[in-house]
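Subject: Structure handover

Hi,

Here is the structure I promised you. Please open it and keep it beside this email as you read.

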Amino acid sequence: MTNLSSSVRVSIADRNPETTGAEIAASLTPPPQFADASFESYRPDPAFASQQEAVDLLGAFAGSWSAAKSSGGFFSRKKKTEDVKPGVYLDGGFGVGKTHLLAALWHAAPGPRKYFGTFIEYTALVGALGYANAVESLRGSTLICIDEFELDDPGDTMMMTRLLTELVASGTRIAATSNTPPNALGEGRFAAADFLREIHAMSGHFTTLRIDGEDYRRRSIEGHAEAVDSDEYESRLTTAMESGKTVSDDSFDTVIGHLAGVHPSRYIKLIAGLNEIGLRDVHELQSQTEALRLVAFIDRVYDAQIPIHATGVPLDEVFGGDMLSGGYRKKYLRSMSRMIALTRGS
């Protein structure tokens, strides 16, 4: 018999989470779907040799800790490590498995102090603790993994350059993924030419590999994100509740408005405990600021693997105007791919 007493319908807009620096630091681990990620479980596409090259590169990087120890330290000038940079950087399109490989490296690296988070989570950590305290909290760690590395403003450029430089100097290794090569970070977003020295200094820490391939989320899914009518929407939420699940039910505008008042580092708490998400009356967005907040929100929903039910415009059609031809095109395309997967249960 169904336990109706455990079913709950909530509103994301009723949640106003607070997050401390200590909570952010403690949460810097791979998302749940990558809890068991390994190099062995990654399935490189034989049509794209760079995927196997990425496995080999990260496997060698993971193994170099023992090589560094046996050769007198990571920065030793002995033959085994003289050409090894303190970081690796995976550049590639969305859905080619970069996050899986980054998580596999995190699992393979020696501990106990190692961190895995998105770029925005590290900037949030600095915001919560202050720069000096954030450096001290990360100093001495074995590895810092930065997923979705993006530089969207000059302040982040300067701050992340300093942070990485100080951590590398203290012996910490860095691994990052992005849709943009490190020398191109910031292009189309701000006057990157004014910050070339900082960007080049940061990119100098990394051995860079471009991973080619098709978006694995779309290999078996074509078309758009799924949109349903009002009756089907209500039926799906009711069915989920009858099975004891906690579901959210909000209008699209309500969620978009609420995101404006919550720091993106706290979006994960907005969806904590939810089994399914309902969004009514989805429509095209004209504000790039709102669109980027939605991208950050969808990233957290995707990390948590929470299905979305939506009415109105298919979610992957919300980026209006010239957004898909601007500097954030790759971010939007990645989010569209994730929206398709989340609304289709894949």
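Below are notes on one helix and on some aromatic rings.

This is a predicted model: local features need pLDDT of at least 70, side-chain atom pairs count only at pLDDT 80 or more, and totals for chains, interfaces and linings use all residues. Residues are numbered from 1 along each chain as its sequence is written, and side-chain values use heavy atoms, without hydrogens and water.

Start with helix 8, residues 230-242. Helices (H or I, at least four residues) and strands (E, at least two) are DSSP runs, numbered from the N terminus. Tyr233, Leu237, Ala240 and Met241 are buried in helix 8. Buried means under 20% relative accessible area, with exposed over 50% and partly exposed in between (1.4 Å probe, protein chains only). Seen down the axis, the buried residues of helix 8 fall within an arc of 100 degrees, so they line one face. The arc uses directions from the helix axis to the C-beta atoms. After helix 8 comes Gly244, with a positive phi near 90 degrees.

Now the rings. The whole structure holds 4 aromatic pairs. Rings of Phe, Tyr and Trp (its six-membered ring) pair if their centres lie within 6.5 Å; planes under 30 degrees apart are stacked, over 60 edge-to-face, the rest tilted. One of the pairs is Phe61 with Trp65: edge-to-face, 5.6 Å centre to centre, 70 degrees between planes. Both Phe61 and Trp65 are buried. Tyr89 and Phe206 are also edge-to-face, because their centres are 5.3 Å apart and their planes at 65 degrees.

Best wishes

Notes. The expected span of a helix is 1.5 Å times one less than its number of residues.
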